[in-house]
Amino acid sequence: MSVTGMAGAVCAGGAAWLAFGRDRGRQRARVVLADGGEGVSGAPAWRRAVARVGWRGRSEWWVLAAGALVALLGESMVPLVLGAAGVPLARRVRRGRRARLDRERRATAVIALCGVLAGEVRAGRQPGEALRAVDGGGLGAGRAGVLAAARFGGDVPGALDEAAREPGAEGLLGLAACWRVAVDRGAGLAAGLERLEGALRAERDQRSDLRAQLAGARSTAVMLTGLPVLGLLMGSALGAAPLRVLLHTGAGLGCLAVGGALEGTGVWWALRIVRGAEER
């Protein structure tokens with residue numbers, strides 16, 4: 001095996017270790033989460049999810065593993081360099097997806113908070129007492145400040161405004177406004193919270209419908225990224241040795257650079273159109 005092939009094999013092994021390696025301390029912690037010594041497979045769903053956090057957190061290393069594999073097959077360091085350069089991009093995509101899920105989770109929690117709080121107020125509880133009684137999951141990181149303000153007679157609307165700065169918790173601004181109106185003018189807090197809950201729910205449903213309508217465009221953009229791989233597989237099946245042409249000839253390297261730039265620009269532009277539609 002050539003030096004390039006050996007380097008590709010070593011990098012592939014390193015990438016596989018990064019993708020699957022689990023230190024003993026983390027493994028013991030997962031066993032503890034799984035009912036104190038039983039297998040993780042027998043634990044509840046939430047414990048199995050916690051046990052898989054370490055693997056999911058390293059999913060971007062698959063990009064490096066794929067680059068190392070192509071480098072090994074094509075006997076060139078170019079795919080390995082491209083795979084290493086793609087790891088930060090894949091990590092950014094993963095973090096963006098996680099941030100979007102967290103934002104949606106907070107928005108749903110705020111809607112549930114408004115509904116439960118309205119029910120508690122209608123049941124006869126005072127606003128501060130009702131806020132202390134409900135589950136404050138929708139308050140996010142500002143939960144402690146809001147509950148402290150409600151318990152000790154502090155500025156609850158101000159604390160809600162602070163908590164609303166967290167992405168996805170913007171609905172707390174409406175809750176703060178309802179609270180101010182109820183305290184300053186004696187208006188019914190329950191009615192305002194019910195209207196706020198309906199408005200937030202309608203806005204969430206509208207975003208969900210729009211995201212479902214744009215799913216086709218997003219899937220098309222993702223499918224376009226796989227077409228070059230399909231072309232390489234077809235060329236290999238026909239015996240044209242596309243990897244050798246792309247990675248070991250000047251014309252092939254030029255085509256690889258131009259094609260990669262066009263492919264990346266096309267996918268970026270398509271996803272930008274989708275994101276723009278979602279924002280509007």
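## A loop residue to start with

Let's begin with Ala241, which sits in the loop between H12 and helix H13 (242-248). This is a predicted model, so every value here is computed from its atoms. Ala241 has a positive phi of about 50 degrees, even though it is not a glycine. Why is that worth a look? Most residues other than glycine have a negative phi.

You will find Glu75 in the loop between H5 and H6. With a relative accessible area of 39%, Glu75 is partly exposed.

Two packed helices are described by the angle between their axes and the distance between the axes. For helix H5 (residues 61-74) and helix H6 (residues 78-122), the axes come within 7 Å and cross at roughly 170 degrees. Angles over 145 degrees count as roughly antiparallel, and H5 and H6 are therefore roughly antiparallel to each other.

Which residues of H5 and H6 make the contact? From H5 come Trp61, Val63, Leu64, Gly67, Ala68, Val70 and Ala71. From H6 come Pro79, Leu80, Gly83, Ala84, Gly86, Val87, Ala90 and Arg91. Sorted by type, the residues of this contact are eleven nonpolar, three polar and one charged.

## Another pair of helices

Now turn to helix H11 (residues 189-213) and helix H12 (residues 215-237). Their axes come within 4 Å and cross at roughly 40 degrees, and that makes H11 oblique to H12.

Arg211, Ala212 and Gln213 of H11 meet Ala215, Gly216 and Arg218 of H12. The residues of the contact of H11 with H12 divide into two nonpolar, two polar and two charged.

## A helix with a buried face

Which residues of helix H8 (residues 143-151) are buried? They are Val146, Leu147, Ala149 and Ala150. Look down the axis of H8 and these buried residues fall within an arc of 160 degrees, so they line one face of the helix. Helix H7 (127-133) and helix H9 (156-163) are included in what covers them.

On the other side of H8, Ala144 and Arg151 are exposed. Just after H8, Gly153 takes a positive phi of about 75 degrees.

Arg151 also leads us back to H7. How many residues apart in sequence are Glu129 and Arg151? They are 22 residues apart along the chain, and 7.7 Å apart in space from C-alpha to C-alpha. Glu129 is part of helix H7. Glu129 counts as partly exposed because its relative accessibility is 36%.

## A pair of tryptophan rings

How many aromatic pairs does the model have? The count comes to one aromatic pair. The rings of Trp268 and Trp269 have their centres 5.9 Å apart and their planes at 50 degrees, so the pair is tilted.

Key. Residues numbered from 1 in each chain as written. Predicted model: local features only at pLDDT ≥ 70, side-chain atom pairs only at ≥ 80, totals over all residues. Heavy atoms only, no water. Phe/Tyr/Trp six-rings, centres within 6.5 Å; stacked < 30°, edge-to-face > 60°. Buried < 20%, exposed > 50% of the residue type's maximum accessible area, 1.4 Å probe, protein only. Helix = DSSP H or I, 4+ residues; strand = E, 2+ residues; numbered from the N terminus. Arc of directions from axis to C-beta. Contact = heavy atoms within 4.5 Å. Axes fitted to C-alpha atoms, helices over the stretch in contact; angles between N-to-C directions. Parallel < 35°, antiparallel > 145°, perpendicular 65-115°, else oblique. Nonpolar A, V, L, I, M, F, W, Y, C, P; charged D, E, K, R; others polar.
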